[in-house]
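Subject: Structure for you, with notes on its aromatic rings

Hello,

Here is the structure we talked about. My notes on the rings follow below it.

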Amino acid sequence: MNKGRIIFLNGVTSSGKTSIVDALQQQEDPFFYVVANDLFEQMVGDRFLQEDYWKYLSEVILMMYHTAKLYSDMEKNVLIDGILVEREQLKPHYQQLLEILKDHPLDVVEVFCPLEICRQRNLVRGDRYESQSEEQADLMAQNIRYSMRVDTSKYSPEECAQAIIQKLF
């Protein structure tokens with residue numbers, strides 16, 4: 001049985017991950033299903049997140065990886081819109097991702113954008129706080145083996161999507 005490809009777009013908030021996801025979904029082929037930190041976080045409920053944010057977020061992130069695995073097992077391509085952070089509740093986060101998705105075609109793409117530009121994007125968005133990207137950068141897992149890197153300060157989401165498709169497909 002063939003497995004669908006899993007593309008993990010890893011980057012801090014406002015780096016451009018979701019814009020790239022949108023551009024990838026506009027492509028004729030390949031079609032991607034999307035699992036995203038933000039979507040899975042909403043499944044928990046505010047009461048629990050307020051009670052112990054990292055405990056419940058950590059649980060739902062691991063469920064998100066299992067969901068991506070299920071789609072891949074059903075021969076569907078999957079995009080993960082997320083960030084690999086190292087918090088006590090998730091350690092070793094990157095290794096857990098690799099373990100859950102072993103034997104599956106996984107590519108981790110670094111979605112890069114200078115933090116100052118992310119800060120400006122956070123302010124424009126209004127649903128993120130100004131220093132959120134910097135705080136996430138400090139929590140980002142180290143020694144990630146990336147398949148490729150895209151820079152959203154230099155290239156549009158459509159150009160990044162094309163680069164991903166050309167390199168990984």
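In these notes a residue is buried if its relative accessible area is under 20%, exposed if over 50%, and partly exposed in between (1.4 Å probe, protein chains only). This is a predicted model, in which local features need pLDDT of at least 70 and side-chain atom pairs count only at pLDDT 80 or more, while totals for chains, interfaces and linings use all residues. Residues are numbered from 1 along each chain as its sequence is written, and side-chain values use heavy atoms, with hydrogens and water left out.

The structure has 6 aromatic pairs. Rings of Phe, Tyr and Trp (its six-membered ring) pair if their centres lie within 6.5 Å; planes under 30 degrees apart are stacked, over 60 edge-to-face, and the rest tilted.

One of the pairs is Phe 8 with Tyr 65, tilted, at 6.0 Å centre to centre and 55° between the planes. Phe 8 is in strand β1 (residues 6–10) and Tyr 65 in helix α3 (residues 46–73), 57 residues apart. Helices (H or I, at least four residues) and strands (E, at least two) are DSSP runs, numbered from the N terminus. Tyr 65 has 0% relative accessibility, so it counts as buried; Phe 8, at 0%, is buried too.

Phe 32 and Phe 169 make an edge-to-face pair, 5.8 Å centre to centre with 75° between the planes. Because Phe 32 lies in strand β2 (residues 32–36) and Phe 169 in the segment after α7 (157–168), this pair ties together parts 137 residues apart in sequence. Phe 32 is buried at 0% relative accessibility, whereas Phe 169 is partly exposed at 43%.

Phe 31, Tyr 33 and Tyr 71 form one aromatic cluster.

Regards
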